[in-house]
Amino acid sequence: MRRALILILLLIARAVPAAAADTDFAVIAYHDVVDSERSLGYDTVTLRSLAMHFDWLRANGYRVVSLDDVVAAQRVERPLPPRAVLLTFDDGYRSFYTRVYPLLIAFKYPAVLSVVGSFLDVPPRGQVRYGTALVAREDFVSWEQLREMQRSGLVEVGSHTYGLHTTIFTNPQGGEVPAAIGHGFIRRQPGPRIAERYRVQTPAPRFGDALALLKMPFQQYLAFAADLAQAAIDHAYDPRTGRYETDEEYGGRIRADLARNSELLEAQLGTRPRVIAWPYGRWNEVTVEAARKVGMPISLTLDPERADAKDLGRIGRFYATSNPGLEFLNSVLAKPPEPTLLRGLCVNLDEIYARSEEESEVKLGKVLDSVLAFQPNAILLAAASSTPGGGVYFPTDRLPVRADLLNRVAWQLFTRTGAEVYAWLPAEQAGRDTETAVAVYGALARSTPFQGVGIGATFLTGDLSPVALPPGASRWDPRTPRRLRAAQNRTRLPEQARRGLGLLDAVTHYQPAARVLDVVQLSRLRRATEVVADAADYLAIRWNGSSNEALAALKRLGWLEGDHWGRLVLFSNRSSPAEWRRLQRAGLLSSIYCPDRLLDRPGDVAAMGQVVGGSSYPFRP
């Protein structure tokens, strides 16, 4: 009996996957390092701050690991140590050699340096086009410096693409965004108006904390806003022919660029890179597959989350911006993840659409003014007309297209207000049959960069099967929702749930980091124990009655117990601040205000901004 019990235990042990700590690690992303605070930019740190970071890691028991360590854990050759951290530096600044490299030697820390081939190809005393600026070639490392650091065994040189650190056209209005994620409106030269277009007082995108927008000096972030509009993942648009890149053209452009950079690095350094850091952290499944095909299975993003060695194609990083102090490391490495409040506002493209581009731009300006006054940290942007049969606002051959407007507006909202944009397309508007709906959602994600997606009142989380979290995992880990969706056995799900997951698959193919907003009418909501709420980033409850009625229903169904508030978002067009305050006093702090018309009732919008917008963050009863 004893031998049989031992045998059973051994079999169970083999069946249980390795503990999360065996493959779990964190990655910090740095860029330029300067001597003086007077030289600081958005993504720079001082040498003093970096030295303090390195010392804090050692003093607090963190183990700085190399890519070899990560790959060994992925191959189950040896586990990663507890508190494993990978250090990465992007762009290939000369400061890495003059300031960072000596620190690495002193601390015996390995690091990854990802370089842009087109920057290094510029001859000595030449100029490098960096975003909208021209900088000296000598501001970046030389080939000889790279060879020296590579020989040390401490520095692994990765790819940062050859020429995707630039702009491409991605809509008919001349907008330019990251080149690796979009089907562009194809154009051979960068748009000449890009610098003028971004000469606006643009707050830096800071997600989760709308109030931070009010406190930041605007001017230092203008260059950053322009830099965000780069070319890593968008399909190009050609104003000469009026068409977008096809998937084949897009994939070919990405593969050719990655191959060119790998060949350049191999010719100069003797080895091809196995890791790529995507410019501006923007990536999708097409770019990751292209990187794999040219020998780079390891992809570094800027998704602010921990990494898992079992998923080398999606390594999130915590971005060290604004010369962060030690509280930054403590926050991203030591503190458990917490819910992020959503303070949202709906924007209807019907209010911006006009017969002429000039009139549309005027309306867009008014909407931007309203959004900035409201101060949301999320915008629910309607991708289709609210008029039945009115068409959609993005290019697709499956539905009538009213205007190709979504890309332009989404990017302006994101860069000029700092709020995350959630594309809002109710499933019923995407087509009755699943094949059409999947194609439409794919076209939506292919044509427009956004940070989240709402698939309408489908109540997807109410139809999914319960799945246990992995051992040691937090429900507030940003990876949890996608892990729970991936763990679903779709053959056992109802048809509506399979359809909903299929629509999300079409979106995440092009926008893999998009957060998911599930929506349900209050009348259809079920008990909290019957809903896999953690399979979505947010579960929005649409209510139209009184707040007392909504609270009574939520209490009866168990949603006011425990920490369910972290997923719940109250979603309504109610314009009564008192009703919303009552919900907030009950602990329901995430909200989306969705007025029927944003511009027609400025008084209501201003009053609601004091309740739902950033001016009321954190919550003030």
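A: α14 passes α15 in a right-handed crossing (the near helix is turned clockwise from the far one by less than a right angle). This is a predicted model: local features need pLDDT of at least 70, side-chain atom pairs count only at pLDDT 80 or more, and totals for chains, interfaces and linings use all residues. Numbering starts from 1 along each chain as its sequence is written, and side-chain values use heavy atoms, without hydrogens or water.

Helix α14 spans residues 357-374 and helix α15 spans residues 406-417 (helices are DSSP runs of H or I, at least four residues). Their axes come within 11 Å and cross at roughly 35° (lines fitted to C-alpha atoms over the stretch in contact; angles run from 0 to 180 degrees between N-to-C directions). On the α14 side, the contact uses Glu361, Leu364, Leu368, Val371 and Leu372. They meet Arg408, Val409, Gln412, Leu413, Arg416 and Thr417 in α15 (heavy atoms within 4.5 Å). By class, this contact has 6 nonpolar, 2 polar and 3 charged residues.

The largest nonpolar core has 83 residues (buried nonpolar residues joined through side-chain atoms within 4.5 Å; buried means under 20% relative accessible area, 1.4 Å probe, protein chains only). Tyr441, Leu525 and Trp559 touch the most other members. Helix α18 (residues 495-510) gives the most to this core, with 7 residues. Leaving out residues up to four places away in sequence, Trp559 touches Leu525, Val531, Leu539 and Leu568, among others. Its contacts also include Arg526, Arg527 and His564.

Methods: Helices (H or I, at least four residues) and strands (E, at least two) are DSSP runs, numbered from the N terminus. Ala, Val, Leu, Ile, Met, Phe, Trp, Tyr, Cys and Pro count as nonpolar, Asp, Glu, Lys and Arg as charged, and the others, Gly among them, as polar. Buried means under 20% relative accessible area, exposed over 50%, partly exposed in between (1.4 Å probe, protein chains only).
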